Amino acid sequence: MATSQPASMLGIWGTFSSVVFYLTLAVGLGGLLGNALVLWHLGFHIKKGPFAVYVLHLAAADFLFLGCQLTFSAVQAALGSGHSLYFAVTFVAFSVGLWLLAAFSAECCLSDLFPACYQGCRPRHTLGVVCGLSWALAPPAVLLTANACGLLRESMRLLACLRYHAASVAGLLALACAAFAAGLVLLVWGACCSQRQRPRFYGAVLGSELLLLVCGLPYLLCWTLRPYLPSFLLSTFFPLATLLACVHCSGRPLIYFMVGRQPGRREPLRVVLRRSLGEGAQLGAGGVSLPVGRVWGP
């Protein structure tokens, strides 16, 4: 009896791990397809303004994360073991998306709070600088920490790991807090303090931040607590956090579709995406004036 109980627990754990693994693969494949469609239509068929270009870069970061995650999952399943390098590489793409989402949310918030100032004072090359810095700074910030903490090689430098890890966690948490604060201000300002019409695009912004709160934070916590968690807790928490991170990166295209669709009508995907993302492109490119009738909501 005593020996059968551990065996049954191992069987349950094996079944749970398999279910989480295959769910991660299914969600990741769906997210790859969704982000590929966003990249295709937004890259070639929808007029791009600054806000829509943020969405384009976010879709590229999500596509990269999901592609790396699926590739490493397949390699891990084939070899029967994983490597900490996999987590470091996939977290690079996740952190790029976090940088972009924070900048995207802050710019949407500023454009709504101070429309005249935003239209007149926004530097011309802000978009290129922000997106370039996101793609240029996030990888070394993650990889230097991963190298010091032994994720890229076997040896670990304790003091360097603590310093790099503390700086990395502080920066990522600051970005997450900035995204949440901008979304909260945007929500409260739109609901209580301003009577101006808003595009459907703002619903996509708030939906992205809700996804980050519910599904992205566990993966960020996994990066934050990894040096301090015992291996048995990490082996339990990490697969679930990875699944939620895949939901986070796969859910954004679905949000764009839900925001842009008209209830009771069947329309081509390009039309739906143009309605949800094209308004953001017009808002970002042409200032703050909105066409009458295009409001935030169905």
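In which helix is Ser73 found? Ser73 belongs to helix H2, which covers residues 50–79; helices are DSSP runs of H or I with at least four residues, strands are runs of E with at least two, and both are numbered from the N terminus. The model is predicted, so that local features need pLDDT of at least 70 and side-chain atom pairs count only at pLDDT 80 or more, whereas totals for chains, interfaces and linings use all residues. Residues are numbered from 1 along each chain as its sequence is written, and side-chain values use heavy atoms, with hydrogens and water left out.

Ser73 has 7% relative accessibility and therefore counts as buried (buried: under 20% relative accessible area; exposed: over 50%; partly exposed: in between; 1.4 Å probe, protein chains only). When residues up to four places away in sequence are not counted, Ser73 touches Phe21 and Leu25, contact being defined as heavy atoms within 4.5 Å.

The cysteines were examined next. With a disulfide taken as a pair of cysteine sulfur atoms within 2.5 Å, the count comes to one disulfide. The bond is formed by Cys149 and Cys161, whose sulfur atoms lie 2.0 Å apart. The link of Cys149 and Cys161 is right-handed, with 100 degrees about the S-S bond. Because Cys149 lies in the loop between H5 and helix H6 (158–193) and Cys161 lies in helix H6, the pair ties together parts that are 12 residues apart in sequence. Both Cys149 and Cys161 are buried. Cys108, by contrast, is in no disulfide, and the nearest cysteine sulfur, that of Cys109, is 8.7 Å away. Cys108 counts as buried because its relative accessibility is 0%; Cys131, at 3% relative accessibility, likewise counts as buried.

The second largest pocket holds about 180 Å³ of space. A pocket is defined on a 1 Å grid over the protein atoms alone, as an open set of points where a 1.4 Å probe fits, with protein on both sides within 12 Å along at least five of seven lines; lining residues have an atom within 4 Å of a point. Grid points are joined across faces, edges and corners, and the volume is the space filled by probe spheres set on the points. Two or more lining residues come from each of helix H3 (84–113), helix H4 (115–121) and helix H5 (126–148). H3 gives the most, with four residues. The lining includes Tyr54, Glu107, Phe114, Arg122 and Thr126. By class, the lining comprises nine nonpolar, one polar and two charged residues, where Ala, Val, Leu, Ile, Met, Phe, Trp, Tyr, Cys and Pro count as nonpolar, Asp, Glu, Lys and Arg as charged, and the others, Gly among them, as polar.
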